[in-house]
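Trainee: I am new to this structure and would like to go through it slowly, one question at a time. Could we look at it together?

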Amino acid sequence: MLHRMVLAARTTVDTRPVALTSELGSLLACCLQTSVDDVLTGGLVVDAGLLLEVIEGRSGDLCAFHRLAEEDPRVFDLQVLEFVPVLRRQFDTWAVARTPDALVSHALASAITEKRAGSFAVSQHVYQVLMHGVIAETPPLCEAA
């Protein structure tokens, strides 16, 4: 059955734009490969030490992705904000974007750090940031609704 998971986490890696050639690039490449292998679609937003993600796929594949993220030493304070069945996908690719300065939300960052962020606020932020510029994206992995 198809599910959507909304995640928020903090990261130990440098998330500045210049970091794409170092550990951040490696982390994103891992996520990208897992998404392609398991047909996981959605979006990941890199936001000043935070990783925010909306991801869709089969329940078992999402659980396996979550386990990998939990075991990754570069990721900590991983929060599953939503894990729900859905009728159809909203994404046909997996993409990553960086939050532009104009869209930075200090209130959302504080809520995530204090573990009081809601899935709606995080998913809306991810959707909004993805519309403003994607760093990397897979080819279409499936047909979205």
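Trainee: Is H3 buried or exposed, and what is its relative accessible area?

Mentor: Before the answer, note that this is a predicted model, in which local features need pLDDT of at least 70 and side-chain atom pairs count only at pLDDT 80 or more, while totals for chains, interfaces and linings use all residues. Residues are numbered from 1 along each chain as its sequence is written, and side-chain values use heavy atoms, with hydrogens and water left out. H3 is found in strand β1, where helices (H or I, at least four residues) and strands (E, at least two) are DSSP runs numbered from the N terminus. Buried means under 20% relative accessible area, exposed over 50% and partly exposed in between, with a 1.4 Å probe and protein chains only, so H3 counts as buried, its relative accessible area being 10%.

Trainee: Which residue has its backbone oxygen 3.2 Å from a polar atom of the side chain of H3?

Mentor: Leaving aside residues up to four places away in sequence, H3 touches several residues, among them I55, F83 and V86, a contact being heavy atoms within 4.5 Å. The backbone oxygen that lies 3.2 Å from a polar atom of the H3 side chain belongs to M1.

Trainee: Which residue forms a salt bridge with D61?

Mentor: A salt bridge is a side-chain nitrogen of Lys or Arg within 4 Å of a carboxyl oxygen of Asp or Glu, and a search of the whole structure finds six of them. D61 is buried, with a relative accessible area of 13%. In its salt bridge the closest N and O atoms are 2.6 Å apart, and the partner is R58.

Trainee: How many residues apart are D77 and R10?

Mentor: D77 forms a salt bridge with R10, with the closest N and O atoms 3.0 Å apart. This pair links distant parts of the chain, as D77 is in strand β4 and R10 in strand β1, and their separation is 67 residues.

Trainee: What is the phi of D77?

Mentor: D77 is partly exposed, with a relative accessible area of 28%. Although D77 is not a glycine, its phi is positive, at about 55°.

Trainee: Where does K115 lie?

Mentor: K115 is a residue other than glycine, yet its phi has a positive value near 55°. K115 follows α3, and its place is the loop between α3 and α4.

Trainee: Which elements do the buried residues of α3 pack against?

Mentor: In helix α3 (residues 106-113) the buried residues are L108, A111 and I112. Seen down the axis, they fall within an arc of 100°, so they line one face of the helix, while the face turned away from the buried side carries the exposed residues H106 and A107. The elements that the buried residues pack against are β1 (2-11), β3 (50-58), β4 (75-85) and α4 (119-130).

Methods
The arc is that of the directions from the helix axis to the C-beta atoms. A polar contact is a pair of N or O atoms within 3.5 Å; within protein, one must be able to donate a hydrogen and the other to accept it, and residues adjacent in sequence count only if both atoms are side-chain atoms.
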